[in-house]
Amino acid sequence: MTLADFGWAIARIAIMLGFLLSVLPVVIWLERRALAWFQNRIGPNRLGPFGLLQPMADAVKLFFKEEIVPANADRFIWALAPALSLFPALVAAATIPWGPNRLLTPVADVDIGVLYFLAMSSLAAYGVLLAGWSSNNKYSLLGGLRSSAQVISYELGMGLALATAVLAAGSFRMTTIVEMQAQPLWGVAPFLHNWLIFTPWGLIGGALFFVCMLAETNRAPFDLPEAESELVAGYQTEYSSMKFAAFFMGEYIAILAICGVMTTCFLGGYLAPINWSPIQALGEGGGMWGVLATLTGALMPPLWFIGKLFGLFFSFLWIRATLLRLRYDQLMNLGWRFLIPVGLVNLALLTVYVVAGWVPALIGYAVAIAVYFLVFGVRRPERRTVALLSEAQPYRPKEAQSG
Amino acid sequence: MVERILFFALATVAIVSAGGVVFSRNPVRSALLLVLNFFTLALIYFMLSAQFIGALQVIVYAGAIMVLFLFVIMLLNLGSPEAVMQERDLKRPLAYLIGFGILATLVGQAFALLLPMPPQPPSQAGTAKVIGQALFTQWAYPVLLMGVLLTVGVIGSILLARRRVS
């Protein structure tokens, strides 16, 4: 490793962390304004243009708040937990390429890019779990336990969804996954890019990944670990001042990282939907058009990436403003009984495509869908009338219910 | 040179944390130190260009198994381990035997490294491709048998945990 390599590596890390940390206030502002808009409120609009400086004011406020340590907390682990929740979030994005320039992105173009992301996101459970335990508070503990159970359950579905991208590209390397999607759409439309989401396996895998990513980041409708109506604020009940802010930052950075993975693996990464390279080639001759072509060639891919990132983040907000929180048994049933079997069948049919081509694969999909509807029928939404108050409490086992 | 310094730093952290797992009185701290140990081991795997094994080490051991361990420890809320220490049966001598046996083997291996050896070519053994090819060609039947074993384990645990329907 020469000195120049070292310098480039530092530059890559600085750019990624700089982007993640500088975009954080914008993301928080966007969340508050968009939620307000969905709920017919105004939201923070006083400080700066459109209220953009509000997150800065909040950060200053959090800095100067008094920090209260619970009397019977395990102090060392209590202080360690916010750091443990921030660290995996900050490093998880290291293998995501956000542009075609290999000197500036990704931080490490390693052979195991997708596995690295899964490893780092699986470490994220510790921060929440330990925060809940060390606070010595029943609401915190329940929040921590719920969160870890949820993260473990949905990690499997997430792995299966990511495996479709890995299998389609034939590599764990994220840059290879993006390059695979740069081919002509379905092999026939050379002016369009073959994003994985446009294929049947990619569509199902992407949908599964989207659900799992909401659950992994503890966002609505899977935000049981911090359900205000039941658990005060869940695992972060006892935290104040900058430790609370660290949890908040970790959560939002993890959301950005996981949106980046979704963008890379299913939405074509930094690629535009339309293949501009023939038009770009026209400008290679030089002059004004040449300058324009070089500029757009260098600037547009990152902008596409950031655009997709924010589009996904906005869909997070849309879902948060629209859907109700799931019950715990519904959450577990969705994860284990629906997402994992669908992911397995999808993966099996993708291997059919890889081995035998797209005709048997499409027939396989048709057969799978037909079998599903033959076995389960068209399921109507379950309607139940709650006759007794005791039936409305979901956490008691059947035998314990009265009446 | 840099690699050697990194290795010794990581190895020190790994050994100290492994010692902490055994000597810590608090089960939660023991479990946390074990996570740290697994993580540093994964970093050592990365340094030995066994990236795939390192990533799996973090995903499986540090990420999944230890979270379950912590989960159980927190749910049971084990206090001090005094109660466990007092029971006298075959477990303790057996544990000493196995532990010191493994230690002796490892120390023997370490001394064997002092003997002069031909320089090893840098291996590609740790990448996903090489491991996948080995597993699904040379070791295909053992892999299938492991799959059957794991399935049996899953079915067994579901049977044990199943709620009795009266």
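Of the contacts in chain B with a separation of 6 or more, 56% are between residues 24 or more positions apart; two residues are in contact if their C-beta atoms, placed from the backbone, lie within 7 Å.

Residues are numbered from 1 along each chain as its sequence is written, while chains are lettered from A and ligands numbered from 1 in the order in which they are written. Because the model is predicted, local features need pLDDT of at least 70 and side-chain atom pairs count only at pLDDT 80 or more, whereas totals for chains, interfaces and linings use all residues.

## Elements and domains of chain B

Chain B contains seven helices and zero strands, in the order α-α-α-α-α-α-α from the N terminus. Helices (H or I, at least four residues) and strands (E, at least two) are DSSP runs, numbered from the N terminus.

Two domains are assigned to chain B, domain 1 (1-80) and domain 2 (127-166); such bounds come from an automatic or database domain assignment. The C-alpha centres of domain 1 of chain B and domain 2 of chain B are 24 Å apart.

## Contact between chains A and B

The contact draws 20 residues from chain A and 17 residues from chain B. On the side of chain A that touches chain B, the elements giving two or more residues are α4 (113-134) and α5 (138-169) of chain A. The most come from α4(A), with 10 residues.

By class, the residues on this side of chain A comprise 17 nonpolar, two polar and one charged. Here Ala, Val, Leu, Ile, Met, Phe, Trp, Tyr, Cys and Pro count as nonpolar, Asp, Glu, Lys and Arg as charged, and the others, Gly among them, as polar.

## Helix α4 of chain A

α4(A) has 22 residues, and 22 of its 22 residues are buried. From its first C-alpha to its last, α4(A) reaches 33 Å, close to the expected 32 Å at 1.5 Å a residue; the expected span is 1.5 Å times one less than the number of residues. A:Asn136, with a positive phi near 55°, follows α4(A).

## Confidence

The model scores ipTM 0.77 and pTM 0.82. Chain B has a mean pLDDT of 82, with 84% of its residues at 70 or more; pLDDT is the predictor's confidence in each residue, from 0 to 100. Among the elements of chain B, helix α4 (residues 82-86) of chain B has the lowest mean pLDDT (54), and helix α7 (residues 140-161) of chain B the highest (91). Where pLDDT is low, the predicted coordinates should not be read in detail.

Methods. A residue is buried if 20 or more other C-beta atoms lie within 10 Å of its own, exposed if 12 or fewer, and partly exposed in between; C-beta atoms are placed from the backbone.
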